[in-house]
Amino acid sequence: MPKTSPAPAAPRIATCECGGLRLTVTAPPVHVHGCTCTRCQRSTGSVMKLSAWFPETGVRIDGPFTTWHFAGNDNPALTACFCPTCGGGRFFRTGDYLRGCIGIGVGSFADPSFPAPDHIHWWPDRPHWLGTPLGPELLEGN
Ligand SMILES: [Zn+2]
Ligand SMILES: [Zn+2]
């Protein structure tokens, strides 16, 4: 009996706010997580960073981007990349963390049907008014 291969996933497209940076993803996410640590609050300007991780081979990057390397001990290999014009479209090159993957901010997909996070890191650092979501596991740290 011939082996059937899975249907190719429809491409998902993430863009920055001005549209200059565009990431086209043809693979399903291998991991989706949120983080409410104070560092992620600073990097997003919001209450939670929500990231989806894809195999590098399933991501095409079009448009210019600037990189920034966090110089601390926490995930030192992680490099943030974002649109030099509007600062949006943030994605991450991973180094040792989920090697071979690119992390993309879920909000850049502007897709309400995007898969929910598996878990949320640093839940105790969330803003006091943020309610408990149903579904994701809530972790006290990494
Ligand atoms: Zn932009
Ligand atoms: Zn965080």
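1. Strands here are DSSP runs of E, at least two residues long, numbered from the N terminus, and two strands pair if DSSP finds at least two bridges between them. By that rule S7 and S8 are a pair: 3 bridges join these antiparallel strands. One example is Cys81, whose bridge partner in S8 is Phe91. Bear in mind throughout that this is a predicted model.

2. Start with the overall layout. The protein chain holds 1 helix and 11 strands. Along the sequence the pattern reads β-β-β-α-β-β-β-β-β-β-β-β. The radius of gyration is 16 Å, close to the 14 Å from the globule rule for 142 residues, so the chain is as compact as a globular protein of that length. Its C-alpha trace spans about 55 × 40 × 30 Å along the principal axes.

3. Two figures describe the packing of the chain. Buried residues account for 27% of the 142 residues. Take the contacts between residues at least 6 apart in sequence: 51% of them join residues at least 24 apart.

4. Next, the sheet of 8 strands. It is open, and its order is S6-S7-S8-S9-S4-S3-S10-S11. The pairing is mixed. Which strands stand at the edges? They are S6 and S11; each has a single partner strand, so one side of each is left without a neighbour in the sheet. As background, strands of a sheet pair through backbone hydrogen bonds, either parallel or antiparallel.

5. Walk in from the S6 end. Strand S6 covers residues 66-69 and runs antiparallel to S7, with 4 bridges between them. Trp68 stands opposite Ala80 in S7. S7 in turn joins S8 through 3 bridges, again antiparallel. Strand S8 (residues 91-93) then pairs with S9 over 3 bridges in the antiparallel sense. Here Phe91 stands opposite Ile104 in S9. Phe91 is also the bridge partner of Cys81.

6. Continue across S9. Strand S4 (residues 49-55) pairs with S9 in the antiparallel sense over 5 bridges. Pro55 faces Cys101 in this pairing. S4 also meets strand S3 (residues 31-35), joined by 5 bridges and running antiparallel. In that pair, His33 has Ser51 of S4 as its bridge partner.

7. Is it enclosed or open to the outside? All 5 of the 5 residues of S9 (residues 101-105) are buried, so the strand is largely enclosed by the rest of the structure. Both faces are covered. Cys101, Gly103 and Gly105 lie on one side, Ile102 and Ile104 on the other, and all are buried.

8. The largest nonpolar core has 23 residues. Which of them touch the most other members? They are Leu23, Cys35, Phe54, Phe91, Ile102 and Ile104. The elements that give two or more residues to this core are S2, S4, strand S7 (79-82), S8 and S9.

9. Ile104 shows how these parts meet. Leaving aside neighbours within four places in sequence, Ile104 is in contact with Ala14, Leu23, Ser51, Ala52, Phe54 and Phe91. Leu23, Phe54 and Phe91 are also among the core residues that touch the most other members. Ser51 is the bridge partner of His33.

10. There is also an open sheet of 3 strands. Its order is S1-S2-S5, with antiparallel pairing. The edge strands are S1 (12-15) and S5 (59-62), each pairing on one side only. The twist averages 15 degrees from one strand to the next. Strand S2 (residues 22-25) runs antiparallel to S5, and 4 bridges join them. Thr24 stands opposite Arg60 in S5.

11. Ala110 is not a glycine, yet its phi is positive, about 45 degrees. Ala110 sits in the loop between S9 and strand S10 (119-121). Trp122 is not a glycine either, and its phi is also positive, about 55 degrees. Trp122 is found in the loop between S10 and strand S11 (137-138).

12. Are these two residues buried or exposed? The cut-offs are 20 or more other C-beta atoms within 10 Å for buried, and 12 or fewer for exposed. Ala110 has 11 C-beta neighbours inside 10 Å, so Ala110 counts as exposed. Trp122 has 21, so Trp122 counts as buried.

Definitions and conventions: Residues are numbered from 1 along each chain as its sequence is written. Chains are lettered from A and ligands numbered from 1 in the order in which they are written. This is a predicted model: local features need pLDDT of at least 70, side-chain atom pairs count only at pLDDT 80 or more; totals for chains, interfaces and linings use all residues. Axes are lines fitted to C-alpha atoms, for helices over the stretch in contact, and angles run from 0 to 180 degrees between N-to-C directions. A nonpolar core is a set of buried Ala, Val, Leu, Ile, Met, Phe, Trp, Tyr and Cys residues joined through C-beta atoms within 7 Å. Two residues are in contact if their C-beta atoms, placed from the backbone, lie within 7 Å. The radius of gyration is taken over C-alpha atoms; the globule rule is 2.2 Å times the number of residues to the power 0.38.
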